[in-house]
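Welcome, and thanks for taking a look at this one. Below is a short tour of a ligand site and of a few residues elsewhere in the chain.

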Amino acid sequence: MLSIVVCVSGGGTNLQAIIDGIKKGSIRNTKITGVISNNPGAYALKRAENEGIPAFCVSPKSYGCREEFNEAFLEKLKELNPDLIVLAGFLVILPEKMITIYRGRIINIHPSLIPSFCGTGYYGLKVHEAALARGVKVTGATVHFVDEGTDTGEIIFQKAVEVLEGDTPEVLQRRVMEQAEWVILPKAIDEIAMSEQGEEKT
Ligand code: GRF
């Protein structure tokens, strides 16, 4: 059984897609053992609580300095001891130590076709604003492993989404979420869980 911790900062629609995928069986051999948010007001925490999933808020604002937050965040992860960490709209710079400890076991969903519209400053609506400003006809989402860079790790899955005439950033964001993010993130988790199950059997 793949144990996952999902890190969130906002509405949690990607978390909900994972919860729903596990329930309907499209994500196999997986259990969410915890949800961590840096934002006490994140609706994602409510989604976790609604499902009886342990939900924790570890906010940089609650600590005297970044180092203290990093230690508290790492301590919570150690306590939950996940096989895989899923960053689902998580707007926090990860402690370098975390990348080292969990190398190859952290994945992230980014709302563009990397290498377009990614890297520092490209998150949330800003990504879609940039895509519309550039005039691309196709955008999409990417699931990738997390390394020391920003959106630079090995790509796992991508899914393209059409940009339509008159799209606003909000309308485009919603289409990318519905048609891409909520499809490829659960698919990536299921693939990792099933390959891990295969390893368990050998
Ligand atoms: C959204 O901008 C999404 O595109 C990105 O993270 C943000 C929050 O998503 N992946 P969620 O609803 O909290 O999953």
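How do the residues of the shell around the ligand divide into nonpolar, polar and charged? In this predicted model, eight of the shell residues are polar, three are nonpolar and one is charged.

**The shell around the ligand**

- Around the ligand you will find G10, G11, G12, T13 and N14, together with G89, I109, P111, G124, Q173, M177 and E181.

**Polar atoms facing the ligand**

- T13 places a polar side-chain atom 2.6 Å from an oxygen atom of the ligand.
- For Q173, an N or O atom of the side chain is 2.7 Å from a ligand oxygen atom.
- G12 takes part through its backbone, where a polar atom is 2.8 Å from an oxygen atom of the ligand.
- On its own the ligand has 360 Å² of accessible area, and the protein covers 89% of that.

**K76 in helix α3**

- Helix α3 spans residues 66–80 and includes K76.
- Is K76 buried or exposed? K76 counts as buried because its relative accessible area is 14%, and the cut-off for buried is under 20%.
- The side chain of K76 is joined to that of E79 by a polar contact of 3.0 Å.

**Q158 in strand β7**

- Q158 belongs to strand β7, which covers residues 155–162.
- Its relative accessibility is 39%, so Q158 counts as partly exposed.
- Q158 and K126 are 32 residues apart along the chain, and their C-alpha atoms are separated by 19 Å.

**E51 in a loop**

- Where is E51 found? The loop between α2 (43–50) and β3 (55–57) holds E51.
- E51 has a relative accessible area of 31% and is therefore partly exposed.
- Between the C-alpha atoms of E51 and G10 there are 17 Å, with the two residues 41 apart along the chain.

Terms used
Residues are numbered from 1 along each chain as its sequence is written. This is a predicted model: local features need pLDDT of at least 70, side-chain atom pairs count only at pLDDT 80 or more; totals for chains, interfaces and linings use all residues. Side-chain values use heavy atoms; hydrogens and water are left out. A residue is near a molecule or strand if one of its heavy atoms lies within 4 Å of it. A polar contact is a pair of N or O atoms within 3.5 Å; within protein, one must be able to donate a hydrogen and the other to accept it, and residues adjacent in sequence count only if both atoms are side-chain atoms. Accessible areas come from the Shrake-Rupley method with a 1.4 Å probe; for residues, only the protein chains shown count as cover. Ala, Val, Leu, Ile, Met, Phe, Trp, Tyr, Cys and Pro count as nonpolar, Asp, Glu, Lys and Arg as charged, and the others, Gly among them, as polar. Helices (H or I, at least four residues) and strands (E, at least two) are DSSP runs, numbered from the N terminus. Buried means under 20% relative accessible area, exposed over 50%, partly exposed in between (1.4 Å probe, protein chains only).
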